[in-house]
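Here is a brief report on a two-chain model. Look over the sequence and the fold before reading on.

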Amino acid sequence: MRTEELQSYLAAIVDSSDDAIIGVRLDGIVETWNVAAERLFGYPAPEAVGRHMALLEPPELPGEIAGFLARIARGDTIRHVRTVRIGKNGGRIAVSVTVSPVRDAEGRVIGASAIDRDIGGQTALENALRISEERYRSLTLASAQIVWTKNAEGQVSEDWPMWRAFTGQRADELAGRGWANAVHPEDRERIFEVWANAAKTATVYETEYRVRRRDGEYRHMAVRGVPVLEPGGAVREWIGTCADITGRRRAEEEVRTIHAELEKRVQERTSQLEAANHELEAFSYSVSHDLRAPLRAIHGFSRILMEEYAPEFSGQVRHYLEVIHENALQMGELIDDLLIFSRLSRQPLQKQAIAPADLVAQALHDLNQETDPRIEVLVRALPPCEGDPALLKQVYVNLLSNSIKYTGRCAQARIEVGALPADGRAAVYYVRDNGVGFDMQYVHKLFGVFQRLHKASEYPGTGIGLAIVQRILQRHGGRIWAESELGRGATFYFTMEPEP
Amino acid sequence: MNDLVEILLVDDNPSDVELTLYVLSRRRLADRIPDGIKVVHDGAEALEFIFCTGAYADRDIHNPPKMLLLDLKLPKVDGLEVLRRAKADPRTRAIPIIVFSSSWEDRDRRQARELGAHSYLVKPVDFEQFAETVRAALATANEAP
């Protein structure tokens with residue numbers, strides 16, 4: 001081969017190289033610059049040739065290249081030095097540099113050939129690996145959980161420092177299945193089963209077992225194991241965590257206990273209440289039977305006396321008999337009303353949608369007041385509500401009969417039934433009359449059982465009507481209140497549903 | 001032998017018995033009850049009477065009382081039980097029974113009706129209303145074959 005041919009052959013090799021190959025004089029001036037150098041550093045050959053190699057030096061490494069050349073001048077060779085170069089665009093390029101001396105025919109070093117290999121990709125990979133390992137270690141430390149690894153056979157192949165810190169086991173005690181000696185004996189068999197099942201399918205598993213802490217106390221652990229898979233799908237190893245959930249377990253246990261206790265207490269109270277209700281029922285049953293029997297005799301025999309012997313009696317005797325008879329009747333009514341009242345507390349509500357106007361119409365019908373010319377009844381618009389129709393009708397019957405009674409001395413009685421304009425809250429209904437009214441200083445007595453604000457001789461009654469009304473409304477979640485001025489009528493306001 | 005009793009009155013309260021007898025006699029019902037009224041004071045005796053057992057074993061079961069006036073709260077066997085047994089037996093089923101009680105509990109009223117009582121009166125009843133109900137029940141009894 002001729003010298004010329006040989007040179008072009010070598011040039012072709014240099015140019016086809018993937019590594020930057022740069023010829024440089026000992027004073028640092030670039031003499032040759034191959035295609036790969038153009039590609040790696042961004043300078044075309046004409047721009048680079050004739051300039052100093054320091055062109056490629058990063059600011060933090062001044063004189064590095066001069067140092068390399070000094071060593072070359074002494075006949076050294078520089079092999080695979082990792083360093084950084086700056087490209088034309090200012091970017092940093094990680095390279096592995098090998099520099100060899102170029103000698104003349106006499107063997108004197110006259111220059112150097114530098115081969116710069118781009119190791120950017122390789123470094124990134126190494127960095128990623130290092131970062132990943134650091135993150136894994138940090139994560140392990142940051143976690144309050146015990147992190148562990150096992151090999152594909154489920155055996156300990158690496159140290160478990162966190163497990164050892166928790167259990168107090170020595171490193172040599174963990175080997176194989178030695179770690180499981182810290183697991184509660186009752187749980188051991190089961191956890192190996194759980195793991196074996198997960199291993200068959202190479203899937204994540206979760207379980208719980210008790211682990212003996214170094215102080216000897218067994219703690220509940222929530223365990224999760226994840227298989228790390230080979231590209232082919234086989235399990236390479238297992239990584240998992242154990243979290244101490246004893247506190248949570250105890251809290252749950254406590255909640256369960258408290259709940260059970262509450263349930264028990266509710267049941268006790270319910271049965272007490274049921275017993276009380278039962279007693280009350282027995283009591284009122286007995287009242288309705290036994291208390292009325294003597295009354296019947298008084299009532300019945302005083303009537304017989306009047307029927308049979310009236311002509312023989314003086315007016316005085318007849319009057320006394322009347323008094324006995326009337327009082328027996330009155331007592332019968334009192335007993336009846338009291339029973340109605342006590343029953344109201346026990347009877348379940350039969351709630352449904354209600355048009356109060358219908359209840360008012362039925363109440364007026366029951367009271368036979370539809371056609372009394374003395375009484376003018378004005379029924380205004382009444383918004384619908386929900387409740388027990390029979391009981392709420394009783395509310396209107398009692399309130400209207402009160403109004404009728406206490407307007408008895410008016411030449412023209414006016415009774416108004418209506419509702420206040422509702423502003424989004426529970427409707428407020430009212431019954432208003434122009435009767436005798438009452439003194440507001442006694443308003444607190446109005447709804448008490450057997451409380452009366454008027455003489456029985458003027459306005460008869462047992463004094464339980466408003467107590468019944470209040471009880472019915474209370475059972476519906478509603479309430480009642482009244483306003484009046486003596487001699488100028490009274491207004492009873494009430495709600496039939498709970499107010500928000 | 002007073003075999004042809006028309007009305008059996010079952011009541012343990014002597015005052016109530018006296019009042020009932022007074023109303024029955026004064027409201028001209030006694031004329032229509034020639035064979036009179038038998039009074040018993042507890043449920044067990046009432047059952048013996050209508051089924052002709054015990055002290056009444058010599059009575060003829062085919063000649064039962066025309067009507068029962070039955071209190072509910074009775075010693076030994078209560079009124080609802082007497083009613084149940086009388087209505088369960090074909091020999092006595094047709095006898096009209098007026099339940100005549102001091103209880104106005106819905107429960108008693110409903111049970112009496114379900115068991116087949118002719119009517120349910122709450123004591124103390126109005127004399128006239130009571131007489132009217134007895135007349136109606138007797139009319140039912142007379143229509144029966």
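Helices (H or I, at least four residues) and strands (E, at least two) are taken as DSSP runs and numbered from the N terminus. The model is predicted.

**Chain B**

On that basis, chain B has five helices and five strands. Along the sequence they follow the pattern β-α-β-α-β-α-β-α-β-α. Chain B has 145 residues, and 39% of them are buried. Among contacts in chain B with a separation of 6 or more, 66% join residues 24 or more positions apart.

**Contact between the chains**

Chain A gives 10 residues to the contact, and chain B gives 12 residues. The chain B side that touches chain A has four nonpolar, four polar and four charged residues.

**A helix pair in chain A**

Two packed helices are described by the angle between their axes and the distance between the axes. In chain A, helix H11 (residues 356-366) packs with helix H12 (residues 389-406) at an angle of about 55 degrees. Their axes are 9 Å apart.

| Helix | Residues in the contact |
|---|---|
| H11(A) | A:Leu359, A:Val360, A:Gln362, A:Ala363, A:Leu364, A:Asp366 |
| H12(A) | A:Pro389, A:Leu392, A:Lys393, A:Tyr396, A:Val397, A:Leu400 |

By class, the contact of H11(A) with H12(A) has nine nonpolar residues, one polar and two charged. A:Tyr396 of H12(A) takes part in it. Leaving out residues up to four places away in sequence, A:Tyr396 touches A:Leu359, A:Val360 and A:Ala363.

**Nonpolar cores**

A:Tyr396 also belongs to the largest nonpolar core, which has 35 residues. Together with A:Leu400 and A:Val469, A:Tyr396 is among those with the most contacts inside this core. Which elements of chain A give two or more residues to the core? They are the helices H11, H12 and H13 (465-475), and the strands E11 (375-379), E13 (413-419), E14 (429-433) and E16 (490-494). H12(A) gives the most, with eight residues.

Terms used
Residues are numbered from 1 along each chain as its sequence is written. Chains are lettered from A and ligands numbered from 1 in the order in which they are written. This is a predicted model: local features need pLDDT of at least 70, side-chain atom pairs count only at pLDDT 80 or more; totals for chains, interfaces and linings use all residues. Axes are lines fitted to C-alpha atoms, for helices over the stretch in contact, and angles run from 0 to 180 degrees between N-to-C directions. Two residues are in contact if their C-beta atoms, placed from the backbone, lie within 7 Å. Ala, Val, Leu, Ile, Met, Phe, Trp, Tyr, Cys and Pro count as nonpolar, Asp, Glu, Lys and Arg as charged, and the others, Gly among them, as polar. A nonpolar core is a set of buried Ala, Val, Leu, Ile, Met, Phe, Trp, Tyr and Cys residues joined through C-beta atoms within 7 Å. A residue is buried if 20 or more other C-beta atoms lie within 10 Å of its own, exposed if 12 or fewer, and partly exposed in between; C-beta atoms are placed from the backbone.
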